[in-house]
Amino acid sequence: MNLNLFRPLSRRTALKGLGVVLTLPFLEAMTPVLSAAEPATDKIPRRLIAIQVNQGIMPQLFFPEKAGSDYEATPYLTKLAAHRQQLTVFSGVSHPGVSGGHMAERCFLTGSPHPDRGGFRNWVSIDQQAAEQLGSATRFPSMTLAVGNEGGKTLSFTRSGAAISADRSPRSVFRKLFMQGNPEEVEAAVEALRQGRSMLDFVGTQTKRLNGILSLTDRQRLDEYSTAVRDLEGRLKSSEAWEHQPKPKVTAKAPEDVKDARDFVKGMRLMFDVIKLAVETDSSRFITLFVDSTVIHNATHHGGRPEVIAELRGHEEGQLAALNDLLTGLAGAKEQNQSLLDRTMVLYGTCMGSANSHSNDNLPVLLAGGGFKHGSHLAFSRERNYPLGNLFMSMLARLGIPAKAFSTATGTMAGLELA
């Protein structure tokens with residue numbers, strides 16, 4: 001018997017010839033033979049939403065005292081009480097070597113150490129690592145969003161560490177997702193993509209000429225660059241095909257943008273509504289949201305003053321209430337016999353354990369949904385933190401993306417099991 005007939009093809013299987021490499025689409029032959037007990041829902045796509053609030057949240061109102069499943073909910077976690085069994089709370093976690101107070105905000109999804117040092121170079125963020133391999137299945141391989149952001153801040157970074165610009169307008173995002181352009185606008189968008197591709201062809205010709213005069217080290221670097229160029233060519237071609245596909249129809253109306261930066265919680269709610277629609281229509285599976293709450297920066301340095309703490313608590317409880325509504329919306333939307341929350345990992349956290357002291361350890365973090373066993377508080381040492389990157393390794397594995405390491409992490413999250 002030929003056992004190869006029963007061995008699943010690798011998702012990386014490609015057709016090669018005459019210098020052309022064609023990556024195959026997902027085939028049934030790439031799926032391991034399912035036993036009768038394995039659910040067909042394994043074929044429903046998995047998704048990731050990652051949210052960071054850059055000014056931190058007060059840890060004393062977030063972290064439970066007791067570990068395990070019978071922890072007593074803190075004031076902030078009571079805002080998420082309806083989803084207690086659908087989320088896991090983490091304490092004693094951080095990114096090793098990530099320091100610099102507010103500078104750490106660009107490392108939340110990358111784990112790149114020492115952002116406060118000269119010559120710092122970021123790494124790829126978890127959403128972009130996922131989008132590289134799975135993003136072509138949707139119109140938007142990834143979506144990079146921000147609220148209350150006037151300074152170009154973002155959570156998403158490319159493989160080379162370049163920042164990906166975030167869209168701050170819920171209305172603009174809604175229009176990109178659901179407003180179909182007229183034929184002339186569609187053709188103009190396609191032509192722009194074609195022009196971009198022809199420029200890449202020119203760059204490719206030039207790189208071949210350079211190879212003959214470069215050192216081995218430089219040729220290796222150039223090869224890495226050429227690989228990135230070819231990847232971008234593929235993305236442009238995929239984007240061109242999507243331009244001709246009708247966009248999903250929704251009954252919701254385009255939201256009005258929030259103009260007052262102090263009302264960033266309302267901005268969060270509007271963006272969460274759009275994110276839910278994007279996931280529900282499978283327009284994108286990897287979405288990040290950078291919540292810039294710099295307008296309350298002075299309040300985060302409360303110095304223990306009761307009146308300032310009360311003001312800050314109001315803002316932060318509003319953030320958790322908005323998150324609760326997002327989780328409720330995802331839990332209420334069904335996809336076959338599961339909810340969108342069952343198939344969507346929602347990561348929420350901050351880059352500072354305490355904004356009052358600008359510390360970057362003991363980060364308040366939680367993970368909801370996505371097919372894990374939830375309902376617990378996983379507590380690690382607050383003196384010797386557990387690597388947050390291990391959680392990212394678990395999340396990549398849940399997406400079906402094998403990885404031996406992510407940033408400084410080399411293992412999955414202890415205590416976090418699959419449902």
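Modeller: One term before we start: contact means heavy atoms within 4.5 Å. Also keep in mind that this is a predicted model.
Biologist: Okay. What do the buried residues of α2 pack against?
Modeller: They pack against β6, residues 143–147, and α5, residues 264–280.
Biologist: And which residues of α2 are buried?
Modeller: Helix α2 runs over residues 170–178, and its buried residues are Pro 170, Val 173, Phe 174, Leu 177 and Phe 178. They cover an arc of only 105° around the axis, so they sit on the same side of α2.
Biologist: Now β6. How many of its residues are buried?
Modeller: Five of the five, so β6 is largely enclosed by the rest of the structure.
Biologist: Which residues point to which side?
Modeller: Met 143, Leu 145 and Val 147 are on one side of β6, with Thr 144 and Ala 146 on the other, and all of them are buried. In a regular strand, side chains alternate between the two faces of the sheet.
Biologist: Which strand does β6 pair with, and is that parallel or antiparallel?
Modeller: β6 pairs with β7, residues 286–291, in the parallel sense over five bridges. Within β7, Thr 288 is the bridge partner of Thr 144.
Biologist: What's the strand order in the whole sheet?
Modeller: It's an open sheet of seven strands, ordered β6-β7-β3-β10-β11-β4-β12, and the pairing is mixed. The edges are β6 and β12 (377–379), each with a single partner strand, so one side of each has no neighbour in the sheet. On average, neighbouring strands are turned by 15° against each other, direction ignored.
Biologist: What about the pairing at the β12 end?
Modeller: There β12 pairs with β4, residues 87–91, in the parallel sense over three bridges. Ser 91 has Ala 379 in β12 as its bridge partner.
Biologist: Switching topic: how many residues are in the largest nonpolar core?
Modeller: That core has 52 residues, and those with the most contacts inside it are Ile 51, Ile 275, Leu 289, Leu 323 and Val 346. Helix α5 gives the most to this core, with 10 residues.
Biologist: Which residues does Val 346 touch?
Modeller: Leaving out residues up to four places away in sequence, its contacts include Ile 49, Ile 51, Leu 323, Leu 326, Leu 366 and Ala 368. There's also a second, separate core of 35 residues, which includes Met 345, Leu 363, Met 393 and Phe 406.
Biologist: Where is Ser 94 found?
Modeller: Ser 94 is in strand β5, residues 93–94.
Biologist: Buried or exposed, that Ser 94?
Modeller: Ser 94 is buried: its relative accessible area is 8%, and the cut-off for buried is under 20%. Not counting residues up to four places away in sequence, Ser 94 touches, among others, Asn 360, Asp 361, Leu 363, Tyr 386 and Pro 387.
Biologist: Last one: how many disulfides are there?
Modeller: The count is zero. For Cys 107, the nearest cysteine sulfur is that of Cys 351, 9.0 Å away, whereas a disulfide needs two cysteine sulfur atoms within 2.5 Å. Cys 351 is in no disulfide either.

Key. Residues are numbered from 1 along each chain as its sequence is written. This is a predicted model: local features need pLDDT of at least 70, side-chain atom pairs count only at pLDDT 80 or more; totals for chains, interfaces and linings use all residues. Side-chain values use heavy atoms; hydrogens and water are left out. Buried means under 20% relative accessible area, exposed over 50%, partly exposed in between (1.4 Å probe, protein chains only). Helices (H or I, at least four residues) and strands (E, at least two) are DSSP runs, numbered from the N terminus. The arc is that of the directions from the helix axis to the C-beta atoms. Two strands pair if DSSP finds at least two bridges between them. A nonpolar core is a set of buried Ala, Val, Leu, Ile, Met, Phe, Trp, Tyr and Cys residues joined through side-chain atoms within 4.5 Å. Axes are lines fitted to C-alpha atoms, for helices over the stretch in contact, and angles run from 0 to 180 degrees between N-to-C directions.
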